[in-house]
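Please read them with the structure open beside you.

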Amino acid sequence: AERTETILNGTDCFAEYSDFSFSMGTITCGGIKKAEEFFKAYEKAREELLQDLKSEEKREDTLKSIKTRWIQNNMSGTRNNALTLVLVAEGCIKNKAEQYLLDYIDVQNAEAEDFVQLMETYFTVHGEYRIKSKNN
C-alpha cells in the first residue's frame, strides 16, 4: 500500500491507500488520546479540503497540491527500470500491466469537482471506521 505523511491539525499522521494486496485504506495518527479527538480533527481537515476544492481562490493551488502529492507517492517507483518493473508486476497481478500509467492519466485529467465527488462519496463524515489504539 502506498503511504503518505501529513499533519492533521498538529498531529503526525499517515495514510495508506488500498491496493491489490489490502483492500482497505488506513489513517494512522500518533499522540491522540481519545477517538473523539481523531474524529474532530478528521472532520475539520475533510471540511477544509472540500472548501478549498470548491473555492475559486484556492481551487487551482489545492488541485495542484493533490496531484503533486499523488505523483510523489505513486510514481516514485518509476525512478529506475527496476522500480518501474515492480509497478508493472503489480499491474500484472490485476491483469493490467499498464495500470500505473492509466492511474497517472486519470489523476492528471481530474478536475476539482472529481476530487469533491470522491471525497463526498468515500470520505464521509460518519463512515464505517474502526479505531485501534494501544489501549484495545
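1. Terms for exposure come first. A residue is called buried under 20% relative accessible area, exposed over 50%, and partly exposed in between, with a 1.4 Å probe and protein chains only. By that scale Asp52, at 23% relative accessibility, is partly exposed.

2. Basis of the note. This is a predicted model, in which local features need pLDDT of at least 70 and side-chain atom pairs count only at pLDDT 80 or more, while totals for chains, interfaces and linings use all residues. Residues are numbered from 1 along each chain as its sequence is written, and side-chain values use heavy atoms, with hydrogens and water left out.

3. Overall layout. The chain has five helices and three strands. Read from the N terminus, the order is β-β-β-α-α-α-α-α. Helices (H or I, at least four residues) and strands (E, at least two) are DSSP runs, numbered from the N terminus.

4. Burial and surface. Of the 136 residues in the chain, 24% are buried. The accessible surface amounts to about 9900 Å², and carbon and sulfur atoms supply 51% of that surface. Accessible areas come from the Shrake-Rupley method with a 1.4 Å probe, and for residues only the protein chains shown count as cover.

5. Contacts along the sequence. A contact means heavy atoms within 4.5 Å. Taking contacts between residues at least 6 apart in sequence, 49% join residues at least 24 apart.

6. Salt bridges in general. Side chains of opposite charge can pair when their charged atoms come close. The rule used here asks for a side-chain nitrogen of Lys or Arg within 4 Å of a carboxyl oxygen of Asp or Glu. Over the whole structure, three salt bridges are found.

7. The Glu48 and Lys44 pair. These two side chains form a salt bridge at 3.6 Å, N to O. Both residues belong to helix H1 (residues 35–54), where a spacing of four residues puts about one helical turn between them. Glu48 is partly exposed at 37% relative accessibility, and Lys44 is partly exposed too, with a relative accessible area of 46%.

8. The Lys58 and Asp52 pair. Here the N to O distance of the salt bridge is 3.7 Å. Lys58 has 45% relative accessibility and counts as partly exposed.

9. The Glu120 and Lys54 pair. Which parts of the chain does this pair tie together? The closest N and O atoms of the Glu120 and Lys54 salt bridge are 3.1 Å apart. Glu120 lies in helix H5 (residues 112–122) and Lys54 in helix H1, so the pair ties together parts that are 66 residues apart in sequence. Glu120 is partly exposed at 40% relative accessibility, and Lys54 is partly exposed at 47%.

10. Aromatic rings. A pair of aromatic rings is described by the distance of the centres and the angle of the planes. Rings of Phe, Tyr and Trp (its six-membered ring) pair if their centres lie within 6.5 Å; planes under 30 degrees apart count as stacked, over 60 as edge-to-face and the rest as tilted. The count by this rule is two aromatic pairs. Phe38 and Phe39 make an edge-to-face pair, with 5.4 Å centre to centre and 65 degrees between the planes. The rings of Phe38 and Tyr42 have centres 6.0 Å apart and planes at 20 degrees, so this pair is stacked.

11. Setting of the aromatic cluster. Ring pairs link Phe38, Phe39 and Tyr42 into a cluster. Phe38 and Tyr42 are four residues apart in helix H1, about one turn of the helix.

12. A nonpolar surface patch. Leu102, Tyr104 and Ile105 form a nonpolar patch on the surface, with about 230 Å² of accessible area together. Patches are made of residues with over 30% relative accessible area and no salt bridge: like charges are joined within 9 Å, nonpolar side chains (Val, Leu, Ile, Met, Phe, Trp, Tyr) within 5 Å. Tyr104 sits in helix H4 (residues 99–109) and is partly exposed, at a relative accessible area of 32%.

13. Gln99. This residue is also found in helix H4. Gln99 is buried, with a relative accessible area of 17%. Leaving aside residues up to four places away in sequence, Gln99 touches Gly91 and Lys94.
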